[in-house]
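I opened this notebook to record what I looked up in the structure, entry by entry. The structure is shown first, and my notes follow.

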Amino acid sequence: MSKFEISRRSLLQSSALGLATLSTMGMSRLAHASNLTVGIVYVGPRDDFGWNQAHAVGAAALKDVPGVTVVEEENVPETIAVQKSMESMINLDGAQLIFATSFGYYKPFVLDVAAKYPDVEFRHAAPLWTDSDPKNAGSYFGYLDQAHYVDGVAAGLSTNSNKLGFVAAKPIGTVLRNINSFLLGARKVNPEATVQVIFTGEWSMPVREAEAANALVDAGCDVLTCHVDGPKVVIETAESRGIKCCGHNASQAPLAPNGFITGAEYKWETIYKGFAANLAEDQALPNFTGAGFDKDFVRNTPYGAGASEAAIAAADAARADVTAGKPIFVGPINKQDSTPLLAAGASLDNYEPSLDQTDYLIEGVVGSIT
Amino acid sequence: MSDDAGVTTVLLAMFAGAIRVSTPFLFVSLGEMLTEKSGRINLGLEGTLVFGAMSGYAISYHTGSPWLGVIVAGICGSLFGALHGYLCKLPKVNDIAIGISLMLFGTGLAFFFGKAYIQPSAPRLPSISFGVWSDHPAVRQALEINPLFLLGLALAVFLWWALKNTRYGLIIRTTGDSAPAALALGINVNQVRLLSTMAGGFFAGIGGSFLSLYYPGSWTEGLSSGQGLMAVALVIFARWNPIYCFWAAVLFGAAGALGPALQSIGISRGYHFFNAAPYILTLFIMIVSTSPRRSLKGAPGELSITK
Amino acid sequence: MAETTDTPGLMFRAELLSEVRDQLRRSSEYIVIPILALLVSGLLFSLFLLTLGKSPADFLSLVWRGGFGTSFSWQNTLVRATPLIFTALCVAIPARLGLVIIGGEGALVLGGFASAAIAIPMVSWAPTYLLLGVMALAGILVGSLWIGAVGALRHYRGVNETIASLLMFYIAVSILNFFVEGALRDPSDPNKPSTMPIGSDNMIGVIPGTDVHWGLIVGIALCGILFLLMNRTTFGFAAQIAGGNIRAAQAQGLPVGKLMVISCAIAGACAGLAGFFEVAAIHGKANASLIAGYGFTGILVSFLARHNPLVIIPVAIFLGGLAASGGLIQRRMDLPDATVLVLQGLLFIVILVSETFYGRFSIFRSKGETA
């Protein structure tokens, strides 16, 4: 385990140092781009106003590469179906590069198919690849918690009740990390701030998301944000209740003309454009591609009417800091059960691998994981 | 937060949730109740609900009138009902199975034609503010009531009265209880069932339009998490009584608000079970309230599912 | 089969021939009508495609290619058909008693969860066969208890089995999520809450020369066994009578309650086995991916097969083929995924309606027999 940690850390440090690409890690097995079929698998509909749409819009960059054919399949569940879909793309469409865009595709499905088809390249949208995995597989990911941190800074200066609400789907690592970073942002400018979290238990369940948003407002929260597949409902509920909100995944600014502050968005197109450039020049794709603001993999939605001058100034400053590599996790930080995570003065690098394994909420977040 | 304030918050949230969430359950279960009273079961109302949600949203987007959307959703629903009613009159055609395939068909069509309406924002239904007297924001919010909820309540009372006291009510009940008896009275059994299923589909379509046009108020493919199927089940729970259908829907809505409300006051351990509260509660009530000795009161004798 | 040698001798040659011909006529009804139904639904769907400006011929050839045309496609189809065989049995067996169980998905989910959970303390020491055996038993046991409870509630409390099984599906999901995201969560995988993996060495392999796991063979065998049980034993006969008229069956002294509970328990065991195979052959652990809708598709399979365990096999394969070709259709024809849903809905409606034509055409009758 420790070996993996070290290798991952050095890998990530090299990316943080701004090395041009990690392509040395990759193995060039791809045919020339002039004759390449790329398969993309989505877990939901391609136009869901959220996660899948963000990928589909970004992946459109690949279609512009001359000689590249893109085949896409949507609503593929995280079961044997995704394995068979990928194999079908390989066997029936001749795909030589496959993008699997949902977390649960990786283990066992992407790994199995990668082992079975060593001549096909696989890239998966989550920070899960390690060097013990097949070399024709890999990961690409944007560290969205950096953008949630900036959201938190703006939210911390926008609240009167000091209670921020967070509607979350499931207590998985990425979600918990976003919640923690959101709180740390708010606490940075407003030490009184707390984040109240409600888990809906499903990635997409609009009625319960609306109920959760209403319950948070009723409990006194006056800024809402969320991490669910389609944030539309949460944002619209916040707006109709006359409070402020921060978005997630894609721009929801038009949905809340009065209360929208800013939002945390993946910028998958940066990654896909990078891949497209690699393909156009017949370069190998890196095995691990991960970054945040520093490489323009994530961004904040342009400020809406809900953002005050002070919030804008503080958020801009925070983003500049994170882009420059200043850590988000700075001690003293306790976990929810009061056990220390970081002592005073200690800090975690923003790409610290252990943060990918977040299985806790920190003190200041109200709500339990189980 | 003090305990009292917490309890108040949860109760208020459940009250608000009962009003906000119950409407689709109410309309679908009233529709299904009417269909089942005539002696057929239509399990396809989930598909009707989803198609109603999509078509209502689309019409509201194109015409700017959400009420027109509601009406069109109802009409589309009654078309699905007509299909079900017509096919099931053919001998040896199983109404449950046709219902399940209509669920697929309706959902499929809604997703197919609904792709274009996920992005656009359509005008939503207005609500009536009954809470202006209160200065408590949560109370005011809870009393923002959509006219469809009131319409559903009125419909429940009307159906209850009409089934009991009118000639049409008698015809439907007779048809549902015994087709031979209805035939002997000169009733056209298939036509009664066709019309009842169409009316049921109409209500289910309206229930769907409430989801997309009011609460939560947008069209996505994940909009219905089985509300249509559950509402069909609630009819049995409500013993085919329209007034009970109303209470069942309200109870279901209130129980659904429990999970998020408890989490909002910091009680979140085991939230999976709180979120499942409507199902657990319904099952529990059914177990304690039924008896093996007598058949279900109000159950139509012709119904395949209770025979 | 001693009589068979005597029979021809006893019968005139001409009589035998006409007997065979009549038999053929009657059974050809069961081939001709489904084929006509397929053609009609194909025609209707072609109209749908033509209004969208797509080619029905392309569509058909893609369904063939994606579902049945290559050896890869066949295996893809069989892999997708396997869980449907089990979940359809979960509907078919209680249906003989007139019970409509729509919550088989719940038994699948909990059966899978139970087999993954019981494996956790055993993985470190148990040999593979013991581990898999215990896991399968756990899946069967939990599945049969879950749906068996539905049958018991129906008989002893008068709770409607359709609604109870649906409610219990939602409860099963909350139980799975509660444990998988809580006490039994594998701490090394924070991003997809799951139980501890059973280890790839312990997983059920594939049938040699294919990509299809052994669940398919078990499922087909189970269909055969349950066909015999329901059609050749006193249990099946009693169930049939009770399904026809419960009061009459009770009056005859049949133990209706026992029949109901046992039928439901068998049904739950089938769904639980489906969950076991999902865990032991596909995922290697239990997580929310177990909730994949197989239980609900199984309802349709069973109704299309008219609750006949043997007919379930081809129907499940047919459905698996449609699912397998769905991806290819999306990719090649630029049609949304919902297209396959529309086709399925249409197909099932037409096939179900075609039931009405059995016995209506005199061409399938022997001379002198009246329709």
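The model is a predicted one, in which local features need pLDDT of at least 70 and side-chain atom pairs count only at pLDDT 80 or more, while totals for chains, interfaces and linings use all residues. Residues are numbered from 1 along each chain as its sequence is written, and chains are lettered from A and ligands numbered from 1 in the order in which they are written.

I then looked up the pairing of the strands (two strands pair if DSSP finds at least two bridges between them). Helices (H or I, at least four residues) and strands (E, at least two) are DSSP runs, numbered from the N terminus. Strand 9 and strand 10 (residues 260-266) of chain A run parallel and are joined by four bridges. Strand 8 (residues 223-227) of chain A is also parallel to strand 9 of chain A, with two bridges between them. There, Leu224(A) stands opposite Cys245(A).

I checked how enclosed strand 9 of chain A is. A residue is buried if 20 or more other C-beta atoms, placed from the backbone, lie within 10 Å of its own. Six of the six residues of strand 9 (residues 244-249) of chain A are buried, so this strand is largely enclosed by the rest of the structure.

**Contacts between chains**

I took two residues as in contact if their C-beta atoms, placed from the backbone, lie within 7 Å. Between chain A and chain B, the contact takes 31 residues from chain A and 33 residues from chain B. On the side of chain A, helix 7 gives the most, with 11 residues.

I next turned to chains B and C, where 40 residues of chain B are in contact with 38 residues of chain C. Helix 4 of chain B provides the largest share of the chain B side, 13 residues.

**Chain C as a whole**

I found 14 helices and zero strands in chain C. Of its 371 residues, 53% count as buried. The C-alpha trace of chain C spans about 75 × 60 × 40 Å along its principal axes. Among the contacts in chain C with a separation of 6 or more, 78% are between residues 24 or more positions apart.

Technical notes:
Buried ≥ 20, exposed ≤ 12 C-beta atoms within 10 Å, placed from the backbone.
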